[in-house]
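I opened the notebook today to look up the charged pairs in this structure. My plan is to note where each partner sits and how accessible its side chain is.

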Amino acid sequence: MVHTGACIANLLGQGGSRKYRLTWKWLRFFKNDRDRRDLITCGAAAGVAAAFRAPVGGVLFALEEAASWWRSALLWRTFFTTAVVAVVLRSFISFCRNGNCGLFGQGGLIMFDVNSEIPAYNTPDLLAVILIGVLGGLLGSLYNYLVDKVLRTYSFINERGPAFKILLVIAISLLTSCCAYGLPWIAQCTPCPTDSDKECPTIGRSGNYKNFQCQPGHYNDLASLFLNTNDDAIRNLFSSGNKNEFHITTLFIFFTGIYFLGVITYGIAVPSGLFIPVILAGASYGRLVGRLMGSFSSLDVGLFALLGAASFLGGTMRMTVSLCVILLELTNDLLMLPLVMLVLLISKTVADCFNKGVYDQIVKMKGLPYLEAHGEPYMRHLSAGDVCSGPLIVFSSVEKVGNIMHALMMTRHNGFPVVDEPPFVEAPELSGLVLRSHLLVLLQRKKFTKNRVLSGSELLTVFHAFDFAKAGSGKGLKVEDLDLSEEEMEMYVDLHPITNTSPYMVADTMSLAKAAVLFREIGLRHLCVVPKTPGRPPIVGILTRHDFMPEHVLGLYPQIAHQK
């Protein structure tokens, strides 16, 4: 749901879809970098709010995981988005509850009041909670390690073509089906509880007690977990009505199966996520610990299952505040807040000793230039000018068309510095920064001059503001789309009208660590580095996200890797 919400928001941010005729003129106001980032952040928050019916948790998830640049305007936008999601979701649930939607609307992770026990606890109970947190950290770090290895293996398989992707999906599907239908055969049949108000055995696709080849009046507890919907399986594990509903061996088998099935399923060509398998695995080993410590702790086994799910979520995803609020909104019980907070902090602390969170590992494996909230320690020993690498391509304020075309064809740079030179000024000085997309729009209109003269603001009269709006994915102009003659290549074009004359700039002597924090906090794509001393060229270089990556910095200065 997080991915779905982000995809819908990205589609709206690029103006809709022309292919399916889903475009509206008002969407063009969002076709810029900042608003598109905000829309995607709101989409991710809406996905969490819709999946778990947790509007506040969705806002905190966007703050903790989705956004690298947070501000007050984005806070109320995400809050408004999740509030709308909560209202619409409740309306649809009320409509579908009467059977108007068939099977749709019968499930869903809506687990209010799943645990009716009052969480009164003492010192032995806190020791049990600490044990749950430590187990969650250890199992979560192992889970992340296995997921990383499996994803690297799948990447080699998926690169071989669509046929291998389909074969991989078929193989994992067959293995999952064999486990789901094969493992319940080894479980024992259990007599139905006599004091339960729920139907036993269950008739239908969901419920607490699955018959599965048992005699009348009995149920198969392992089938009640494997052959059930995920939300009902979680409800069954969280339930506190029958302490002995699931055998210890059943919980161990289910945890082992879900744990390793979740590892091998993530990364194949199906829309599968991590939240539900992690919750299922965590709830199963949490309830298992609760059964084993029944004589030592007075806490309910359903509460142990909830704490186990929280510990495993904290150990894998390393989120704390958002997970805490999501779980509280799911269970509608504020009395469990101290225990959930404690188990999340312990599991995250233990897991951080071994590796990073699963999302951070996936981002690193894909090679995405994600900036951490703070610079690496060795960055304090370098300045911004030390990492400016490669030949700097600079445009004159009135540049020859051929030079611009050559730079666009030979490089993939997205921004170029513009320098005013004589005879327009007495000495060279930095005019600003021009974007690649704006240069392509300017060259396409072919408003050139034969002589090197200033065109002024009159040049912009032939353009509309939306001509320079950010294009959608794969929809923007490309260099190959331009058709310029030899005569036009020898002409000149004035870059002043499309130049950003107030780009963010830092001195070349500024600490690289401070520059990294500035770059991330403001949400920049380009940071100009200018000389501190006079008598030098007006610009030293341009820093982009890739220039702050540890791989780039350590590639230039490998000897500082161990400096603190």
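**Salt bridges looked up**

I began with D352, which counts as partly exposed at 37% relative accessibility (buried means under 20% relative accessible area, exposed over 50%, and partly exposed in between, with a 1.4 Å probe and protein chains only). I am working on a predicted model, in which local features need pLDDT of at least 70, side-chain atom pairs count only at pLDDT 80 or more, and totals for chains, interfaces and linings use all residues. I number residues from 1 along each chain as its sequence is written, and side-chain values use heavy atoms, with hydrogens and water left out.

I found D352 in a salt bridge with K348 at 2.8 Å, N to O (a side-chain nitrogen of Lys or Arg within 4 Å of a carboxyl oxygen of Asp or Glu). I noted that the two are four residues apart in helix α13, residues 337-352, and so separated by about one helical turn (helices are DSSP runs of H or I, at least four residues, and strands are runs of E, at least two, numbered from the N terminus). K348 is also partly exposed, at 25%.

Next I looked up E488, whose closest approach to K446 in their salt bridge is 3.8 Å between N and O atoms. E488 lies in helix α17 and K446 in the loop between α16 and α17, so the pair ties together parts 42 residues apart in sequence. I recorded E488 as buried at 18% relative accessibility, whereas K446 is partly exposed at 35%.

Finally, I noted a network of salt bridges linking D38, R71 and R77, and a search of the whole structure gave me 11 salt bridges.
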